[in-house]
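Colleague: I would like to learn how to read a model like this one. Can we go through some features together?

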Amino acid sequence: RNSPFFNITTMGKYQFEICTNSVESCLAAQEGGADRVELCAGIPEGGTTPSYGEIAIAREVLTHTRLHVIIRPRGGDFLYSDIEIRTMLKDIEMARKLGAGVVFGCLTAEGEVDLPVMQKLMEAAQGLSVTFHRAFDVCRNPQRALEQIIKLGCNRILTSGQQSTAELGIPLLEELQKQAAGRITLLAGCGVNENNIARIAAETGINEFHFSARESIQSEMIFKNEAVSMGGTVHINEYERNVTTVRRIMTTIHEYSSSVARQDR
């Protein structure tokens with residue numbers, strides 16, 4: 001690992017996935033010591049499928065960090081039309097050609113895992129590493145969904161324990177980790193940072209974590225017209241960007257590895 005905080009006593013006990021919104025953030029994730037990145041566009045909407053070009057360049061620059069891409073044609077709910085499912089299948093095909101794992105999840109109108117659609121997507125993703133994403137956090141019955149996702153053959157589930165943050169979701173995360181019993185990996189995500197990662201790990205038994213480690217940077221534009229917004233329903237500051245930083249990744253990894261080292265003494 002590149003992180004200077006990584007030490008042999010904690011090697012292999014955990015995995016860190018960084019939610020990245022650009023190739024720039026992917027590079028920071030790699031330098032900071034991430035095991036894997038999840039590349040997304042549309043972060044204000046919870047993540048949508050990135051472009052072919054962004055995936056291709058990310059694959060080129062990530063020399064020793066695994067790459068996953070979210071397969072999500074739009075923001076909003078996880079009930080998809082036939083045409084959206086066709087789009088997702090094509091995007092999985094693109095991810096395969098570019099050498100990336102995939103992240104997706106589909107629900108029925110009743111809030112159950114959409115098994116027929118998921119089976120189609122899983123067939124398209126055969127041989128790829130697959131994460132069922134936070135659609136899990138808005139399903140009706142997480143315990144039943146966990147068993148169904150295991151049977152589908154997904155490698156992991158990204159979840160906040162059906163709460164707004166993984167820290168608030170600790171009780172359900174702990175329960176699901178016990179239910180999973182090593183049959184699938186739970187990836188704790190949403191609001192995971194240097195201030196709570198040790199607590200989430202200690203109280204849930206989970207050892208894979210998903211976080212963004214982003215910081216705001218100001219635009220280098222000299223001329224600014226702040227009266228005009230490029231967004232529709234989602235409004236952002238066009239003269240500010242959030243990017244993953246090496247500093248925040250290393251700080252979070254350090255906090256976790258230090259807590260593990262203390263427990264190992």
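Modeller: We will take helices, a helix crossing, aromatic rings and a few single residues in turn.

Modeller: First, the ground rules. This is a predicted model, where local features need pLDDT of at least 70 and side-chain atom pairs count only at pLDDT 80 or more, while totals for chains, interfaces and linings use all residues. Residues are numbered from 1 along each chain as its sequence is written, and side-chain values use heavy atoms, with hydrogens and water left out.

Colleague: Start with helices. Which residues of helix H4 are buried?

Modeller: Terms first. Helices (H or I, at least four residues) and strands (E, at least two) are DSSP runs, numbered from the N terminus. Buried means under 20% relative accessible area, exposed over 50%, and partly exposed in between, with a 1.4 Å probe and protein chains only. In H4 (residues 115-124), the buried residues are Val117, Met118, Leu121 and Met122.

Colleague: What covers the buried residues of H4?

Modeller: The cover includes helix H3 (82-98), strand S4 (101-104), strand S5 (130-132) and H5.

Colleague: Where else can I see a buried side on a helix?

Modeller: Look at helix H7 (residues 197-204). Its Ile197, Ala198, Ile200, Ala201 and Thr204 are buried. They span an arc of only 165° around the axis, which places them on the same side of H7. Just after H7, Gly205 takes a positive phi of about 80°.

Colleague: How many residues of helix H1 are buried?

Modeller: H1 (residues 23-32) is mostly covered, with seven of its ten residues buried. Among them are Val23, Cys26, Ala29 and Gly32. Gly33 follows H1 and has a positive phi, near 105°.

Colleague: Now the crossing. How do the axes of H5 and H6 meet?

Modeller: Axes are lines fitted to C-alpha atoms, for helices over the stretch in contact, and angles run from 0 to 180 degrees between N-to-C directions. The axes of H5 (residues 142-152) and H6 (residues 170-180) come within 11 Å and cross at roughly 40°. Contact means heavy atoms within 4.5 Å. Pro142, Gln143, Leu146 and Glu147 of H5 make the contact with Leu172, Glu175, Leu176, Gln179 and Ala180 of H6.

Colleague: What about rings? How many aromatic pairs are there in the whole structure?

Modeller: Rings of Phe, Tyr and Trp (its six-membered ring) pair if their centres lie within 6.5 Å; planes under 30 degrees apart count as stacked, over 60 as edge-to-face and the rest as tilted. A search of the whole structure finds six pairs. Phe209 and Tyr256 have ring centres 5.2 Å apart and planes at 55°, so this pair is tilted. Phe209 lies in strand S8 (residues 208-211) and Tyr256 in helix H8, so the pair ties together parts that are 47 residues apart in sequence. Both Phe209 and Tyr256 are buried. Ring pairs also link Tyr14, Phe16, Phe209, Phe211 and Tyr256 into a cluster.

Note on methods
The arc is that of the directions from the helix axis to the C-beta atoms.
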